[in-house]
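Open the model in your viewer and keep the selection tool at hand. This tour goes stop by stop.

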Amino acid sequence: MKVEMKSEILPKLNEQMIHNEEEIWRVKLPVDYRQFLMDSNGGVPDKREFCFGNRKYMIVSFLCILEDSEHNKNGHYDIDVVLSQIEDRLTDNEDLVGCDLLPIAELFAGDYLCLDFNESNDNPSICVWNHEESGELEPVTYKVADTFTEFVQMLE
């Protein structure tokens, strides 16, 4: 599964870099998403739109993993940076160590596409996190696909 990209984010990732982040987030990323990160480390895809329900969404950019987000022009697209900004709105468990929802793409108008680990730590689904409806410790999400590969096939 390859996502055609208009832009990619450097540096290229390796297994160790991804593993280090998994330890921080306390999740195991699915194989298809790991491969996507190693191929492009986020960026803007050629196909950016997808429909779910009666709504059309547009990806601004897939998020990335950076070693130094402060000195990188793409720092605002770093997964850790996004997590630090909205983490209290991505879980309903104030004692959680790690994450239930891992943002993987910024969507137009402030929502995020996320890996949802609430049902399964091994096979997260893909959901849209709604920023307008979510509050502190009250995330509102809409499941859009069972896997990252299934989601990629929805892109138009």
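Buried means under 20% relative accessible area, exposed over 50%, and partly exposed in between, with a 1.4 Å probe and protein chains only. By that rule Gly43 is buried, because its relative accessibility is 1%. Keep that residue in mind for a later stop.

Some ground rules come before the walk. This is a predicted model, in which local features need pLDDT of at least 70, side-chain atom pairs count only at pLDDT 80 or more, and totals for chains, interfaces and linings use all residues. Residues are numbered from 1 along each chain as its sequence is written, and side-chain values use heavy atoms, leaving out hydrogens and water.

**Whole chain**

Show the cartoon. The protein chain has 4 helices and 6 strands. Here helices (H or I, at least four residues) and strands (E, at least two) are DSSP runs, numbered from the N terminus. Followed from the N terminus, the order is α-α-β-β-α-β-β-β-β-α. The radius of gyration is 14 Å, close to the 15 Å that the globule rule gives for 156 residues, so the chain is as compact as a globular protein of that length. That radius is taken over C-alpha atoms, and the globule rule is 2.2 Å times the number of residues to the power 0.38. The C-alpha trace spans about 35 × 35 × 30 Å along its principal axes. Of the 156 residues, 46% count as buried.

Now colour by charge. There are 13 positive and 33 negative side chains, and the centres of the two sets lie 9 Å apart. Lys and Arg count as positive, Asp and Glu as negative; His and the chain ends are not counted. Each charge is placed at NZ of Lys, CZ of Arg, CG of Asp or CD of Glu.

**Core**

Which residues have the most contacts inside the largest nonpolar core? Select Leu29, Phe50, Leu113 and Phe151. This core has 47 residues. Its largest share, 5 residues, comes from strand 3 (residues 101-107). A nonpolar core is a set of buried Ala, Val, Leu, Ile, Met, Phe, Trp, Tyr and Cys residues joined through side-chain atoms within 4.5 Å.

Zoom in on Leu113. Not counting residues up to four places away in sequence, Leu113 touches several partners, including Phe50, Phe62, Ile104, Val128 and Phe151. Contact means heavy atoms within 4.5 Å.

**Ser125**

Go to strand 5 (residues 125-129), where Ser125 sits. Ser125 is buried, because its relative accessibility is 13%. Leaving aside neighbours within four places in sequence, its contacts are Cys114, Leu115, Asp116, Lys143, Ala145 and Asp146.

**Gly43**

Return to Gly43, in the loop between helix 2 (31-40) and strand 1 (49-52). Beyond neighbours within four places in sequence, Gly43 is in contact with Met5, Ser7, Glu8, Ile9, Ser61 and Phe62.

**Backbone stops**

Select Leu10 and Pro11. A cis peptide bond joins them, with omega about 15 degrees. Pro11 is in the segment before helix 1 (15-25).

Move to Arg26, in the loop between helix 1 and helix 2. Its phi is near 60 degrees, a positive value in a residue other than glycine. Is Arg26 buried or exposed? Arg26 is exposed, with a relative accessible area of 58%.

Finish at Leu137, in the loop between strand 5 and strand 6 (141-145). Leu137 has a positive phi of about 60 degrees although it is not a glycine. At 28% relative accessibility, Leu137 counts as partly exposed.
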